[in-house]
Structures are given as structure tokens and as C-alpha cells.
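Please load the model in your viewer and keep a selection panel at hand. The tour goes from one selection to the next and says what is found at each stop.

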Amino acid sequence: MSETLETLLDENRHFPPFDAFRSHAHLHDESIYATAAADPVSFWEKEALALDWIEKWHTGMEWDRPFAKWFVGGKLNACHNCVDRHADGPRADKIAIVWEGEPGEVRRITYRDLKAEVSKIANALKALGVGKGDRVSIYLPMVPELAMTMLACARIGAAHSVVFGGFSADSLAERTNDAQAKVIVTADGGYRRGNVVPLLKITEDALAIGCPSVDKILVLDRIGGYQILGHSERFVWWNDIVPNQSSECPCEPMDSEDLLYILYTSGSTGKPKGIVHTTGGYMTQTAATTKWVFDLNEGDVYWCTADCGWVTGHSYLVYGPLANGATVVMYEGAPDSPDKDRFWRIIERHRVTILYTAPTAIRAFMKWGTEYPDRCDLSSLRLLGSVGEPINPEAWIWYHETIGKSRCPIVDTWWQTETGAIMISPLPGITTTKPGSATHPLPGILAAIMNEDGKEVYAEFQNPGKSGEAPHARPPVGGILAIKHPWPAMTRGIYGDPDRYKKTYWTRFEEYYFPGDGAKVDEDGCFWLLGRVDDIMLVAGHNISTMEVESALVDHHAVAEAAVIGKTHDLKGQAISAFVILKQDHAGEDLVDELKAHVAGKIGALARPDDIFLCADLPKTRSGKIMRRLLRDVAEGRALGDTTTLADAAVVNALKVQYEDKEG
Ligand code: 6R9
């Protein structure tokens, strides 16, 4: 077995920072990287001063591997930092949230109104028996009340656990029970692609499965379902309790290490992990990175398209931008409702300046064609972001040219639910970007590439003060990504399961955090994220990343999207098998041989797929990540593994039938 990951695909295009950013960006001096690396704790302590603290911390960081504490002894409140300090200051009349419902309504909420609304919800939660240290499950559509309820929990010191509105009754019950939530906040329904998602009905099903910790269910009226239901006293209608509350509610002083929220993320097997985030470190890093990476300024209209059910919606729709006093756009529905231009209409209507979205969305837009963005005025945009998966170079270029009109920097941000905040990303005033590379660990983040024996083979900065280290390989090098130094927003563990936390993230390497992603570093020291290590293929003794073969396929003009897996093969160990979606105007064309040749031409004969299966859809998680594990099941004729995290289980079932038909 080869030691490190092959680095096959060469991408030589590069984009130096635009002058407008080089001179005006919050961060424009490269020396910040070295300063931060020399003393990461002091560096982050300075950043923490950007928040309002009730009491200052006495110790920057305590590290009892794998458990970190940041800003120890400090006291603050996350809601105060996101709401009150703006509402009670010069931003009182600034719009905090511009919201569009899928059916078309628009609401504009100022910081002053946000404070009043959040306080009322906080008082209502208190009236329902929620206090400091309790947990609340939030199962709401993407309406402003979702963000407000998160903030209301933070205000009174209760931890929220947001459950994505697309999850089933089983998932809601499992997460509610694991967190021992006292209250569930839900709605009668939510809109998605013109349909109603019956959230209340699903909540009732969850309760029927059994949620013994739940005392009350607070139900928001979103679809006018108020009258149809006669419920027991456990159910409290939003309109019966929230509007009558006082709009004054003090912010609870919280310890820096008090629980802010739990967010469940699916492991590849077994029950979901309740990722724990605490207050001081999380707020510091989300606030700082929002400002740096998106170069957020007072006049920006910032739109992160993620759902609050996903960590991106926590860190970069709610906590990070609101801590900075930003105007954020929030949208309830699907990107193709009522038409495939919905995103571009929203940008045009609200003069959005910063757009943060996911590669899966970008590839869907590419598939639909340029006519949709071309009909809208996108001239307000000044910066574009990407998160969730590696962005294929062709998708990057399309995003850059078609959406950014070649004048907006792209920040490809690598991070995880567990990291809490962005870890690897360009800085728009400093970094020369390359399509497909997340470029460099942010200041204060020390990342490394490890080989399969768990030895460090590359790091931008050597361990300060450690002598006798083996010299690093010269890039390009490939291997497994690791994080060397604790960072403020890192998870404090898996709720109720410290052993699983240690086992999952802290046993693969001796001293470093193991995120589970493959990565390579090129000659210029740029990091390329190559997908989950479980997805990496071993073909005739070569480690080949699925991402590189997928990018070579997407590079072909007819291909909209591709997913690549290693399929068990008698001789080679694994053979490359690709599932490909063609662009709309190429649907039905027989391009299999041409695509195989294209990959061989781009990467080398080594990476030529053995088979290519043309399909209409790919199995994805609810946050848009391709589930290659299920494609392996399909290709190898096995029963499908766990499908509960899929956005649409019908997709993979249909794929299995088609695949088996084709194979005979
Ligand atoms: C924020 C988020 C984390 C996993 C992560 C990696 C993949 C996210 C990426 C990326 C390449 C990027 N990932 N951003 N891979 N480039 N810019 O997505 O959190 O849902 O926990 O997923 O997503 O594989 O390990 P989460």
C-alpha cells in the first residue's frame, strides 16, 4: 500500500487578490499568520476582546487533551453579543434579518425589534419551565423565529439542539431523548418547493415514539393550521403565549465554558453524535472568522444559504454575522421555487453583497444553465463563499465567471460541525486563490498533513519549541489532515459520551485532532481537501481521491455532477466506478467512452474509470453531501446501509433498480 495520497490532478490557474480587497480588507498583512502561529493563545485572546464580556477570563486556554477550555473564568452572554449590544447602540435601526418566505413574503427585522422579539420568546420559554442549563429541541422551518428561538435560548442560558426540518419523527425523538430536552419548539408546518412539511404531525409522531423528558411543545403558526388541532395541555400555541410576554428579559451571565448548543451530526454508522459547543471560544472564533473571511463591512448585505439545521446555519447565519452587527438574509425555501432563478432574484431584490453557499447548489445551477442568473442583476455582489464539500475547479470557475462576473473573490472554506468555525480558507485581501483549493489554515489555526503511520509530514509552521523533529517532506505531499493546536471554537465533546469523542477524533494520531479528511499540499503550500478518508480509493496500489476523478469528470463540458467510488475488483483491489449526471442540454447522449478518455487525458490512465453510469440524481445528505457509501452498496449489489440521513431516499432506491437493470 502506498504511503501517501497520490496527487494527480494539476490545477494551475490562480487568482491573486483584487486590489479593492488588498488595500481595504480587514486583514491585508500576511505577517498575521506568523504572529498568530508564534503564540496562538495570545492571538485568540486579542480576538476575544472584540466581544462584550461581563467578567474577563483569567486564563487564555487550558488543555487537558482532548478537552480544551478557552477564556477560563470569563463570563459573557452570546445573545447579548449578537443582539443587545447592537440594539442598544448605533445599530438599533439597522436591519438584522431580511427574510423571504418561499411563497414570497418579505420581513425586515431591525436589531431593536430583534431584541424585543427574542426577549419575548425567552420569557415564554421561562414560563414553560425552561431555565439555565436546560436543553430545548428546535424543529422549525427557516423562518425568523428559528434564529430568534436559538438566540432566546442563549439569552436565558438554555442550550438549543436544532433538528433540521427535513428529519423524520425517529430522528427528532432520538435527538430529543439524547439531549433530554425539556421543550420542543416546532411549527404547524413549513413550506418547501410549494409543499407543506407537516412539522407538527411529525412532532406528534416523535412524541408517540416516546420523549419522556419533554414537558411542553411550543407550536408556531406558520401555515395557518392553528384552528385544526385540539391538543392536550402539553401543546402551547405560540400566539397564546409569546406576544403577551414582556419585551424585557435580562441576559443570563454565562461562563465561557457553559454549554451554548448541541448539534447532532450523523456518524457513518451508529447513532448520531451530539456535538457540544460552549460560549466564549465559539463566539470568539465565529465572530472573528466572519469578519476576516467574508471581509464583512457595515454596509454589507450578507446571505448564507444554509439551513439552521446545519452547523453553517449556526455559525455563519446566526452567531458569527450577528455578533458583527451584520444585515443577514434568510430564505425559507428551495432554490427552484417558483423558478430556477429564485436565488438570483433574492440577490437582486435585497442587493446582496456576500453570498455563501455550497458546491452542491453551484453544480445544480450549472446544470440548469446560465439563463437564470443572466436574467438578474447581480452587480451588488462583491464576495462569494463555498462550504460543505470540495468545490470542483470547473464549478469554481463557473461560480467565479457566471455569478461573480470575474470580479468577486471566492473563499472556499473548509471546516466541520466539530470545528465550530472556519479553519482553512483564503483571506480575500491576502490570498492568491486556486480553483478547488481551500488554500491555507487561518491565522491561529495550525494544520498538518500526516502519513498513514500517523507521522507529521507537512505543516506550515513547526511546533513552537519542539526540537528534534524530523524534517518535513517538501511539498507536494499528500496524506491525512490533522489539526495540531487547540482552537477556540473546537467542540468540547460528544454530549454524554466522552469515550466516543476520544475514540472518534483523538486516537488516529497521538497528539493531533483527526478530522477524517484526506488532503494534499501543493508546491505553493496550498491545501487541497480531498474528501473523507473512508471514500479514498485504492486502485492497483495507488491511493486516488474521489474528488480528483470527480473534478476531471465535471471538467467535461457535458457533465453537471459526478460521484466516484472504488468498487471491489479481483485484480486491482478497487476499480473506479463513476455515477454521472449530464447537463440538461446533453441528457440522453451516450458519452461513456468519451468521459473515460477525458479522465484519462486529465489525470492519467491510472484514473480511467472502469465503468460510468449515467443517472438523473445522486443520493445526498440533507446538507447536500454525496453519500458515496450508498453508491458503493449499489455498485457492489449489497443491501443499502443506513439511509436515514438522506435528503430523499427514493433517489438511491431508483438508482439501485436502474443499476441492477443495466448490469442484468
Ligand atoms: C461545515 C460543514 C464537514 C465535512 C468535512 C469535509 C467536508 C466541508 C469543505 C469540505 C472540502 C470544503 N467539507 N467544507 N471539504 N472543502 N470547503 O460542512 O460541516 O456538515 O460537519 O461536514 O464536510 O469532508 O469533514 P459538516
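**From a strand pair to the cysteines**

Begin by selecting Y302, which in this predicted model stands opposite I354 in β18.

Next, select the whole sheet to which both strands belong, an open sheet of seven strands with mixed pairing, whose order is β5-β4-β17-β16-β18-β19-β20. Colour its two edge strands, β5 at residues 106-110 and β20 at residues 410-413, each of which pairs on one side only. If you then look across the sheet from strand to strand, the twist averages 20 degrees from one to the next.

For the last stop, select the cysteines. How many disulfides does a search of the whole structure find? The search finds zero. Centre the view on C79, which is in no disulfide, and draw the distance from its sulfur to the nearest cysteine sulfur, that of C251, which is 4.9 Å away, whereas a disulfide would need the two sulfur atoms within 2.5 Å. With a relative accessible area of 0%, C79 is buried. Finish at C526, which is also buried, here with a relative accessible area of 3%.

Note on methods:
Residues are numbered from 1 along each chain as its sequence is written. This is a predicted model: local features need pLDDT of at least 70, side-chain atom pairs count only at pLDDT 80 or more; totals for chains, interfaces and linings use all residues. Side-chain values use heavy atoms; hydrogens and water are left out. Two strands pair if DSSP finds at least two bridges between them. Helices (H or I, at least four residues) and strands (E, at least two) are DSSP runs, numbered from the N terminus. Axes are lines fitted to C-alpha atoms, for helices over the stretch in contact, and angles run from 0 to 180 degrees between N-to-C directions. Buried means under 20% relative accessible area, exposed over 50%, partly exposed in between (1.4 Å probe, protein chains only).
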